[in-house]
Amino acid sequence: MAKIIAVANQKGGVGKTTTAINVAAGLAKAGKSALVIDIDPQCNATSGLGVEPGQRHPLVSGRPLAEYLVETSQPGLQVLPGSQSLADADALSAPNRQRAALLRQQLHGELSHFDYILLDCPPSLGQLTRAALGASAEILIPIQCEYFAMEGLSQIIDLARQTKSRENTRLEIGGIVLTMFDPELELANEVASEVRGYFEETVFETMIPRDVSVSEAPSHGKSVLDYNPRARGARAYAELVMEVIDRE
């Protein structure tokens with residue numbers, strides 16, 4: 001049975017898609033079968049893995065999902081491409097509790113052979129994110145070490161708790177990932193300390209540093225683990241993957 005993880009944060013630019021791509025790639029390198037499902041209409045996870053967005057989103061196409069699975073350059077890692085179709089985005093985000101139930105059924109049925117499924121959510125608290133949380137076992141929350149981090153973090157955690165109490169009792173907070181960390185900035189250290197002090201062991205020990213290789217990798221259709229495995233960011237994501245596996 002696949003472990004389904006929603007990678008979510010309503011704030012943009014916090015490393016959400018980058019984390020989804022690199023954690024999935026790292027899991028594949030660790031011998032796990034991993035799938036990234038792109039439900040963000042921007043389709044950055046799709047292009048970041050070197051795949052073209054589809055004309056239709058597989059989740060609303062009515063056809064078997066296996067027909068849409070695309071192999072990436074990383075063995076063991078596949079992607080279910082996103083679509084920039086506005087009609088499909090509307091269909092996916094329809095305010096309907098059946099959407100989460102259908103998504104859960106699709107993931108546990110046709111795609112259950114994967115070890116891990118990571119859902120790359122849009123940067124919002126809208127229906128797409130809610131459906132993803134309703135279908136997932138865990139939520140992984142990347143946050144940037146900046147001034148407004150705590151405010152945004154409390155909102156996404158509140159949504160996760162609401163989802164757990166109302167429609168998905170299995171949902172747990174899998175972990176908080178501190179991203180774009182610069183140890184030379186006093187503010188970054190203050191934010192990291194505050195988040196750890198409040199959420200304690202929920203926060204992963206590994207922090208993802210600011211690293212140009214992490215930013216460059218998606219333009220080459222690769223994870224940073226493939227693009228520049230010696231980069232600081234690659235090493236950090238490799239360590240984060242080990243933490244994700246250890247928390248099973």
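Helix α1 (residues 16-29) and helix α10 (residues 232-246) have axes that come within 9 Å and cross at roughly 70°. Angles of 65 to 115 degrees count as roughly perpendicular, so α1 is described as roughly perpendicular to α10. The model is predicted.

**The contact of α1 with α10**
- Helix α1 contributes T18, T19, N22, V23, G26 and L27 to the contact, while α10 contributes Y237, L240, V241 and I245.
- Sorted by class, the residues of this contact are six nonpolar, four polar and no charged.

- In soluble globular proteins, nonpolar side chains tend to be buried together.
- The largest nonpolar core comprises 44 residues, and I37, L107, L111, I117, L153, I176 and V195 are those with the most contacts inside it.
- Helix α6 (residues 149-166) supplies the largest share of this core, namely six residues.
- A second, separate core contains 34 residues, among them V7, Y116, L140 and I245.
- Leaving aside residues up to four places away in sequence, V195 touches I143, M150, L153, I176, L178, E200 and V203.

**The residue T46**
- T46 belongs to helix α2 (residues 44-48).
- Buried means under 20% relative accessible area; T46 therefore counts as buried, with a relative accessibility of 0%.
- A polar atom of the T46 side chain lies 2.9 Å from the backbone nitrogen of G82.
- Residues up to four places away in sequence not being counted, T46 touches D38, V51, E52, P53, P81 and G82.

Methods: Residues are numbered from 1 along each chain as its sequence is written. This is a predicted model: local features need pLDDT of at least 70, side-chain atom pairs count only at pLDDT 80 or more; totals for chains, interfaces and linings use all residues. Side-chain values use heavy atoms; hydrogens and water are left out. Helices (H or I, at least four residues) and strands (E, at least two) are DSSP runs, numbered from the N terminus. Buried means under 20% relative accessible area, exposed over 50%, partly exposed in between (1.4 Å probe, protein chains only). A polar contact is a pair of N or O atoms within 3.5 Å; within protein, one must be able to donate a hydrogen and the other to accept it, and residues adjacent in sequence count only if both atoms are side-chain atoms. Contact means heavy atoms within 4.5 Å. A nonpolar core is a set of buried Ala, Val, Leu, Ile, Met, Phe, Trp, Tyr and Cys residues joined through side-chain atoms within 4.5 Å. Axes are lines fitted to C-alpha atoms, for helices over the stretch in contact, and angles run from 0 to 180 degrees between N-to-C directions. Angles under 35 degrees count as roughly parallel, over 145 as roughly antiparallel, 65 to 115 as roughly perpendicular and the rest as oblique. Ala, Val, Leu, Ile, Met, Phe, Trp, Tyr, Cys and Pro count as nonpolar, Asp, Glu, Lys and Arg as charged, and the others, Gly among them, as polar.
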